[in-house]
Amino acid sequence: LLSHPRVFNWFLKRFSRVSGEVNVKYRDTLRILVIYVICWIVYGLGFYLIATSLRIPAQLLNPKTGTHCQMVIGMMGINSIAWAGGLLSIITPAGLGIREGISGILLAKLVEEPYSVLIPLVARVWITLAEVATIGVVFVRWGRR
């Protein structure tokens with residue numbers, strides 16, 4: 001509902017200094033929303049795969065977490081909440097430290113102590129490597145022109 005063009009234009013007029021309207025169709029905003037949902041599912045699955053790649057011993061998993069499906073959903077939620085917390089942090093670049101702290105606190109309910117701290121750090125390194133690799137690919141492709 002909040003992505004409807006009329007609502008968006010009302011917010012734009014009310015809280016912005018920009019004049020005019022955004023001409024976008026509601027079906028387009030729904031497509032963007034679906035793409036974002038898919039992206040967040042992929043990010044959450046990646047966070048879960050990073051966690052399971054650390055070979056956490058079964059006895060260190062919290063028995064309250066339930067099945068792997070519930071753990072995947074929990075990891076998706078933790079990743080999303082931590083990302084949002086890092087976004088709200090205006091004093092750190094890319095939420096550095098904030099995302100890891102939030103993830104560590106929330107992961108303490110799913111896994112034991114050393115892993116609840118290790119998983120967010122490994123995830124941060126992996127994301128940083130992916131971003132650097134993406135920038136490298138862009139520079140290589142841009143240099144060929």
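Mentor: A residue is called buried when its relative accessible area is under 20%, exposed when it is over 50%, and partly exposed in between. Please keep in mind throughout that the model we are reading is predicted.

Trainee: With that cut-off in hand, which residues of α3 are buried?

Mentor: Helix α3 runs over residues 68–88, and its 21 residues reach 30 Å from the first C-alpha to the last, close to the 30 Å expected at 1.5 Å a residue. The elements that cover its buried residues include α2 and α4. The buried residues in this helix are M71, V72, M75, M76, I78, N79, A82, G85 and G86.

Trainee: Two of those, I78 and A82, made me look across to S103; which residues does S103 contact, leaving aside its neighbours within four places in sequence?

Mentor: S103 lies in helix α4, and because its relative accessible area is 5%, S103 is buried. Leaving aside the neighbours within four places in sequence, the residues in contact with S103 are F47, I78, A82, S116 and P120.

Trainee: Turning to charged pairs, how many salt bridges does a search of the whole structure find?

Mentor: For a pair to count, a side-chain nitrogen of Lys or Arg has to lie within 4 Å of a carboxyl oxygen of Asp or Glu. The number of salt bridges found by a search of the whole structure is two.

Trainee: How many residues apart in sequence are the parts that the pair R124 and E100 ties together?

Mentor: R124 lies in helix α5 (residues 113–143) and E100 in helix α4, so the pair ties together parts whose separation in sequence, in residues, is 24.

Trainee: Are R124 and E100 buried or exposed?

Mentor: The cut-off for buried is a relative accessible area under 20%. R124 is at 13% relative accessibility, and E100 is at 13% as well. Because these values fall under the cut-off, R124 and E100 both count as buried.

Trainee: And in which helix do R31 and D28 lie?

Mentor: R31 is partly exposed, at a relative accessible area of 49%, and D28 is partly exposed too, at 25%. The two residues are three residues apart, about one turn of the helix, and the helix that holds both of them is α2.

Trainee: On that helix, what is the accessible area, taken together, of the nonpolar patch that includes L33?

Mentor: L33 lies in helix α2, which covers residues 26–53, and with a relative accessible area of 46% L33 is partly exposed. The surface patch is formed by Y26, L30, L33, V37, I41 and L45, and their accessible area together is about 470 Å².

Trainee: How many disulfides does a search of the whole structure find?

Mentor: A disulfide would require a pair of cysteine sulfur atoms within 2.5 Å. The number of disulfides found in the whole structure is zero.

Trainee: Finally, which value is phi of A94 near?

Mentor: A94 lies in the loop between α3 (68–88) and α4 (98–107), and at a relative accessible area of 54% A94 is exposed. Phi of A94 is positive, in a residue other than glycine, and the value is near 55°.

Note on methods. Residues numbered from 1 in each chain as written. Predicted model: local features only at pLDDT ≥ 70, side-chain atom pairs only at ≥ 80, totals over all residues. Heavy atoms only, no water. Patch = residues over 30% accessible without salt bridge, like charges linked within 9 Å, V, L, I, M, F, W, Y side chains within 5 Å. Areas by Shrake-Rupley, 256 points an atom, 1.4 Å probe, with all protein chains shown as cover. Helix = DSSP H or I, 4+ residues; strand = E, 2+ residues; numbered from the N terminus. Buried < 20%, exposed > 50% of the residue type's maximum accessible area, 1.4 Å probe, protein only. Expected span 1.5 Å × (residues − 1). Contact = heavy atoms within 4.5 Å.
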